Amino acid sequence: MTARRAWTRVMIVPALLLALAACAKNGERAQEAGAVAADAAVASPEGAFLAYEHDVQVQLEAAQIAPRIQQVAQACQNAKFGECAVLQVDQRSGEQPSGEVKVRIAPKGVESLIGLAGEGGTLQARNTRAEDLAQQVADTALTKARLEKEHARLLSYQDRSDLKIEDLMAITTRLSEIEAGVEQANKDAAQQRRRIDTQLVTMHFDTTSGQRSRSEIGEAVSESGSILSTSVAFLIRAAAALLPVGVVALVMAWIVRALIRRRRRKP
């Protein structure tokens, strides 16, 4: 009987170990699949011209806000999660510290940067939106092609020997205008491409609701003294302003009363 139990244990233990290993591997695969799915959720589809923007609300302990803002900004500057540029860093201290970091980052790094921002805190809210730039891209390309075609045609006119001087001057002026238009079209195209290839992420940092409540109570207590002194000062000013009016009213009442008594005494 003892030998049978020992044999059963020998068979069960390896089976349990194999099952645990399989579960762990499946968990890792699920996490990897989830990360890939999260990255794919914010990636622009092939051939689309979508400019993504993300707004994230993060709640942290008050002492964590300032270091976290610096940590997120440095991670972006050091390209920890891919190509990234810091556009704005705003930090406010006090009893209710808060802040904001705005970056433009490659799509593959969006989820990792947001995860860093919310680490150890609460992701209170998140809003993701996309602007379709297909029409703008098409209009910019059409404008550039039209200007380049006109530029080439004017250059061919400029080489004619029978061209009058005033016509040559008009062509030269128009060529300058066209070149300026082409340069602007190139700038517009580069900006559109930048908005499509990278994504705007704005992370707002705030204290937890419990800390805000305690801070508001403390602020109310600290302000009670100034409120009391302001109220007393107002009453003193009001009394000082009404004192002359009261004196005049008393004098007038005394005069009226004296006149009434005099009339009553007359036979």
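## A tour from a surface patch to a buried glutamine

Start by selecting Val247, Val248, Val251, Met252, Trp254 and Ile255: together they make a nonpolar surface patch with about 590 Å² of accessible area. Keep in mind as you look around that this is a predicted model.

Now pick out valine 247 from that patch. Colour helix H6, residues 209-265, and you'll find valine 247 within that stretch. Is valine 247 buried, partly exposed or exposed? Valine 247 counts as partly exposed, because its relative accessibility is 44%, and that label covers values between 20% and 50%.

Next, hop over to helix H5, which spans residues 165-197, and select glutamine 192 there. This residue is a buried one: its relative accessible area is 10%, and the cut-off for buried is under 20%. So what does glutamine 192 touch, once you set aside its neighbours within four places in sequence? Show the side chains of Leu133, Gln136, Val137 and Thr140, and you have its contacts.

Time to zoom out and switch to a cartoon view. Trace the chain along the sequence and the order reads α-β-α-β-β-α-β-α-α-β-α.

Last stop, the surface view. The protein's accessible surface comes to about 18400 Å², with 59% of that belonging to carbon and sulfur atoms. Of the 267 residues, 22% are buried, and glutamine 192 is one of the buried ones.

Definitions and conventions. Residues numbered from 1 in each chain as written. Predicted model: local features only at pLDDT ≥ 70, side-chain atom pairs only at ≥ 80, totals over all residues. Heavy atoms only, no water. Helix = DSSP H or I, 4+ residues; strand = E, 2+ residues; numbered from the N terminus. Buried < 20%, exposed > 50% of the residue type's maximum accessible area, 1.4 Å probe, protein only. Contact = heavy atoms within 4.5 Å. Patch = residues over 30% accessible without salt bridge, like charges linked within 9 Å, V, L, I, M, F, W, Y side chains within 5 Å. Areas by Shrake-Rupley, 256 points an atom, 1.4 Å probe, with all protein chains shown as cover. Salt bridge = Lys/Arg side-chain N within 4 Å of Asp/Glu carboxyl O.
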